[in-house]
Amino acid sequence: MPAKNGTAKRGGQDAGGGTRLVIVESPAKAKTIAGYLGGGYIVESSIGHIRDLPGSASEVPAKYKGEAWAKLGVNVDHEFEPLYVVNADKKQQVAKLKKALAEADELLLATDEDREGEAIAWHLQEVLKPKVPVHRMVFNEITRDAIRAAAANPRELNLRLVDAQETRRILDRLYGYEVSPVLWKKVMPKLSAGRVQSVATRLVVERERERIAFVPAHYWDIQAEFDTGKADEPKAFKAGLISVDAKRVAQGRDFASDGTLKTRDALHLDEDAARALAERLTDRPYEVKSVERKPYTRKPYPPFRTTTLQQEASRKLGFSAKYTMSVAQKLYENGFITYMRTDSIQLSETAITAARRQAASLFGAEYVPDKPRVYASKVKNAQEAHEAIRPAGDSFRTPGETGLSGDQFRLYELIWKRTIASQMNDARGQSVSIRVTGTSTANELAEFGATGKTITFYGFLKAYVESADDPSTDRDDQERRLPNLDEGDPLTALAMEAEGHSTRPPARFTEASLVKELEDREIGRPSTYASIIGTIIDRGYVFKKGTALVPSFLAFAVVNLLEQHFGNLVDYDFTAHMEDGLDEIARGEAERVRWLTRFYFGDNGEEGLRDLTGDIGDIDAKEISSFPIKGTDILIRVGRYGPYLDREGDRVNIPEDIAPDELTAAKAEELFAQPSGDRELGVDPATGHKIIAKSGRFGPYVTEILPEPEPPAEGEKKKRTKKADAAKPRTGSLFKTMSLDTVTLDDALKLLSLPRTLGEIDGEPVTAQNGRFGPYIKRGTDSRSLGSEDELFTVTLDKAKELFAQPKQRGRGRAAAAAPLRELGKDPASDQPVVVKEGRFGPYVTDGETNASLRKGDEVESITIQRAAELLAERREKVAAGGGKKKAPARRKSPTKS
């Protein structure tokens, strides 16, 4: 691997008037760019990364299989040299690119202008081994002018960026491949750990711990309504009790998370005290103690960068971070917005001019300041080579002029409004604070307060108003008008109401607030947050309840292990410092090998990752996965098949939809009090075996209790029986029309009689069976679906012959199609209508071509088209990567040329 400590050199002379091969990442991008460049150019796509570290042992080349480091894909003993292999699904595309390159006079690598894009370009150069000049073509937007300018002014590869990206990839591989096996052994198989993924999971778990430990405090105050006695509107206003005899009345902020009063000099009113005080303050004279007026100014929000776009799209549009980036990618590739993975909030001069011109045209010249606004990023190590996310071009199309529809229209409109607003004038107005005093019948001096805000000039708020994570927070354009009062003005109390309040536990993270938290703590790269959140959801560490991110009990076990035995790896400051080190490598201020050596092997007495994960004998797997419920003798345990409650050997499964903070002592007792679900139905007259109905991992079923084998006679040794030869009880899943409460012995005996033999066709036995996808008949390897479960007991051999004579139908629609549960709208990717349907294994969404099951936390009644589109996109990605069940038909191999 060549050293990367500068920039790549040009590979020869410019191509002049020859053919130039341009390679981008995506086919959609290639199609758009080809239309802008015209003749003399061939535009192809790599379809993402073409090579990576081996994903499994089977991908390791034969000559390296015996090496101790081969499973890592990184030679840790030789300067952490990575082993790259061309992805199996990209070999055909690489061959296509090589063929195109053979006919070209120059290669332009036009991947995205960020670290990952730079790395893809370098990998392309390494794999294609061009013998023609190689240049780097970069652009921030896909417009005709931008693309032609980029082609006319290429640069060289920035190998420092490549080096930094490669270091991140190696670091993440070392972390994942060394720590994940510890989780497999001590918690559960097939789990994963990651440098940012595990820290993000810890944040969500810690928030849930705070909610579990939270003790609400209850407090009361008084709300009064005063009449000014004046003709001007508003005549009346509301004010809250602030103090009594100069002692401040306690509010929610005065209580600690354990419910105790942390502000000692505050007056804590309970219900009786508040109601009595309100009674003593009724029908008393009041006057204005003070009026404080201050000018109000609100400056515009800066243009979007990646994280702020994700946050606002979540708050305003209900999009997940992953879905936001998916829609933004399409807008970028089709020339509607600039590059969407950016830390920058700067705008180019042409963009500033376009925004100011459009703001003046739409709202008037008074809404545009005399000088352009310039924004500087506060994000540490921001990649300022990019602009902020804005509409593409040197003049902006209004949303109505784009021809967009659906979610692409909505996201473009959000970006367009924010960009225009960023170059508009401040909002101006006045804030007012009024204090009112009065004396109770017991001579107590009570002081009330009210605050208001009026906006005299809306400025940028005419174009855009930012949302907040807390729905109780006032919007920036929301006014609270108070009467025009002066000090000493008399007031009459119209009402004096005692009001009770309770402190609330800290809110769970949403995708928007988790993105903000990660960025505020400087953990990871903002461009990766969407995929990180997607990963912790897909791994089962987190699920959604509405927009809230809820950690699973599995996440508690994983975080528990990592905190106790790999504390540094999930320490927030350590992870942020690691990010600083990676950025130092990108700037050429740190050396990659030395940095990785310190992390993996340790330095100056500090243990490295290898030694940390090497000795795990002292990790008690049972203790790691056990959590006591306060005030009880009950333990929450995370087992191989999921979480359960354990009390001195008595166990009960925890329902999937229970959030950790909802599993209180009372709820645990309720679960133990529920019947186990086992019902004795009677005795099978044919065998004498007891028949029971049970609730199992895959649903309710019936089974028989086999008698215990007879003990060996005295002096005889117990015979060993192979597991495969041991007698197994018959089982049968309940039909959809049956339930544990109503199933009878006759029903059970029928179920246990399956599969039922109907006879023979052409010498092969035909059976009726109940399977994973419903009832069916089978002959050899051939099968046909039945219309209902009841037909299992009524179908005849003649009917079976008719069914086998018909062509076989495939897919979920083999039986008569049931009506959809809900219609959601069009999928932005396929442009086909999406519906929710009920399947054998639960509800799923489909666009007619792709099916995706609903996940934990998804509800049929509340799932949105955005969430459905996410599930369908993830399913398509899985199928494309070979992880799904859809397979392309096998191609016949061409004869090998001699």
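Begin by selecting the four strands S28, S29, S30 and S31, which form an open, antiparallel sheet in that order. The model is a predicted one. At the edges of the sheet stand S28 (756-761) and S31 (782-785), each of which pairs on one side only. Neighbouring strands here are turned by 25° against each other on average, direction ignored.

**Helix H21**

Select residues 745-752, which make up helix H21. Which of its residues are buried? They are Ala748, Leu751 and Leu752. These residues lie on the same side of H21, because they cover an arc of only 95° around the axis. An α-helix has 3.6 residues a turn, so residues three or four places apart point the same way. To see what covers the buried residues of H21, display strands S24 (679-683), S25 (690-696), S26 (699-705) and S27 (731-733), which are included in that cover.

**Strands S12, S13 and S14**

Move to strand S12 (residues 285-298), which pairs with S13 in the antiparallel sense over twelve bridges. Glutamate 292 can be found opposite serine 433 in S13. S13 is also joined to S14 by twelve bridges, again with the strands running antiparallel. In this second pair, threonine 439 faces leucine 445 of S14. S13 and S14 form a hairpin with five residues between them, and asparagine 443 in the turn has a positive phi of about 65°.

Arginine 280 is partly exposed, at 26% relative accessibility, whereas glutamate 444 is buried, at 15%.

**Helix H1**

Select helix H1 next. Its buried residues are Lys29, Ala30, Thr32, Ile33, Tyr36 and Leu37. They pack against strand S1 (20-24), strand S2 (41-45), helix H4 (144-152) and helix H9 (321-333). After H1 comes glycine 38, with a positive phi near 75°.

From H1, follow lysine 29 to aspartate 112. The two form a salt bridge, with 2.6 Å between the closest N and O atoms. Lysine 29 is in H1 (residues 27-37) and aspartate 112 in the loop between strand S7 (106-109) and helix H3 (115-128), so their pairing ties together parts that are 83 residues apart in sequence. Are the two partners buried or exposed? Lysine 29 is buried, with a relative accessible area of 2%, and aspartate 112 is buried as well, at 8%.

**Further salt bridges**

The structure holds 57 salt bridges. Side chains of opposite charge can pair when their charged atoms come close. For another example, select arginine 248 and aspartate 254, whose side chains meet in a salt bridge at 2.7 Å from N to O. Of these two, arginine 248 is partly exposed at 30% relative accessibility, while aspartate 254 is buried at 2%.

**The nonpolar cores**

Finally, turn to the interior. In soluble globular proteins, nonpolar side chains tend to be buried together. The largest nonpolar core has 94 residues. Which of them have the most contacts inside it? Select Val187, Leu514, Tyr541, Leu561, Leu645 and Leu663 to display them. Then centre the view on valine 187: leaving aside its neighbours within four places in sequence, valine 187 is in contact with Val182, Leu554, Ala557, Val558, Leu561, Ile624 and Ser625. Another core, of 63 residues, lies apart from the largest one; its members include Phe304, Met325, Ile415 and Val465.

How values were computed
Residues are numbered from 1 along each chain as its sequence is written. This is a predicted model: local features need pLDDT of at least 70, side-chain atom pairs count only at pLDDT 80 or more; totals for chains, interfaces and linings use all residues. Side-chain values use heavy atoms; hydrogens and water are left out. Buried means under 20% relative accessible area, exposed over 50%, partly exposed in between (1.4 Å probe, protein chains only). Helices (H or I, at least four residues) and strands (E, at least two) are DSSP runs, numbered from the N terminus. The arc is that of the directions from the helix axis to the C-beta atoms. Contact means heavy atoms within 4.5 Å. A salt bridge is a side-chain nitrogen of Lys or Arg within 4 Å of a carboxyl oxygen of Asp or Glu. Two strands pair if DSSP finds at least two bridges between them. Axes are lines fitted to C-alpha atoms, for helices over the stretch in contact, and angles run from 0 to 180 degrees between N-to-C directions. A nonpolar core is a set of buried Ala, Val, Leu, Ile, Met, Phe, Trp, Tyr and Cys residues joined through side-chain atoms within 4.5 Å.
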